[in-house]
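I am opening a notebook page on this structure. The entries record what I looked up, in the order I looked.

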Amino acid sequence: MREILLIDTSVYLVLRRVPDVDLDDAAVLQRIDTMGDTTSLLLPMATVWETGNHISRLASGGLRYQHATAFVEDVKAAISGDAPYAPTYFPDPDGFVTWLAAFPAHVKANKSLTKLGEGPSLADVSIIKEWERTCDLNQGSTVAIWSLDEDLAGYSRAGWRP
């Protein structure tokens, strides 16, 4: 069965080897090594934005520049089809308004069982909406958000787990 994985920021930070925020590199890298030809990786726009934010907070300007330059080249490679992942749909204004409209309903709930005083961010909601869209477009496939954060890791059709 084909599997489609939307890469969350927590996983992309490991793949980009961003210092101090690449949490569980062994598990992510092991999973990458075991992926077959039937796995497609998607890079959501929210993951790109959040990764850039993490890079902007690195300790020194030189380190920020080094990681930002490599990051930009990697995202450009994804857009041009020269990376192991492809960008997801970038919403037009109507699509974005739909995502915004869903935001209040999402934030009234807790983000996860361990994050009781916090709701999902708008970035998380956009990834969830992209997961829903990908599920609709790929009825016969396993579709999951690949995340190291428990709140997004639960989004999986057909029970995929890293």
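Ground rules. I am working with a predicted model, where local features need pLDDT of at least 70, side-chain atom pairs count only at pLDDT 80 or more, and totals for chains, interfaces and linings use all residues. Residues are numbered from 1 along each chain as its sequence is written, and side-chain values use heavy atoms, with hydrogens and water left out.

Entry, salt bridges. How many salt bridges does a search of the whole structure find? I noted five. The term stands for a side-chain nitrogen of Lys or Arg within 4 Å of a carboxyl oxygen of Asp or Glu. Side chains of opposite charge can pair when their charged atoms come close.

Entry, Arg-16 and Asp-74. I looked up this pair and found a salt bridge at 3.8 Å, N to O. It links distant parts of the chain, 58 residues apart: Arg-16 is in the loop between helix H1 (9-15) and helix H2 (25-34), and Asp-74 is in helix H4 (residues 61-80). Helices here are DSSP runs (H or I, at least four residues), numbered from the N terminus. Are the two residues buried or exposed? Arg-16 counts as buried because its relative accessibility is 18%, and Asp-74 counts as buried at 13%. Buried means under 20% relative accessible area, exposed over 50%, and partly exposed in between (1.4 Å probe, protein chains only).

Entry, Lys-76 and Glu-73. This salt bridge spans 3.5 Å, N to O. Both residues lie in helix H4, three residues apart, about one turn of the helix. Lys-76 is partly exposed at 47%, and so is Glu-73 at 45%.

Entry, Lys-129 and Glu-132. The closest N and O atoms of this salt bridge are 3.0 Å apart. Both residues sit in helix H6, again three residues apart, about one turn of the helix. Lys-129 is buried at 18%, whereas Glu-132 is partly exposed at 30%.

Entry, H5 and H6. I then checked how H5 and helix H6 (residues 122-137) cross: their axes, lines fitted to C-alpha atoms over the stretch in contact, come within 9 Å at roughly 115°. Angles run from 0 to 180 degrees between N-to-C directions. The two helices are therefore roughly perpendicular, a label for 65 to 115 degrees.

Entry, Leu-100. Leu-100 lies in helix H5 (residues 93-107). I listed it as partly exposed because its relative accessibility is 37%.

Conventions:
Angles under 35 degrees count as roughly parallel, over 145 as roughly antiparallel, 65 to 115 as roughly perpendicular and the rest as oblique.
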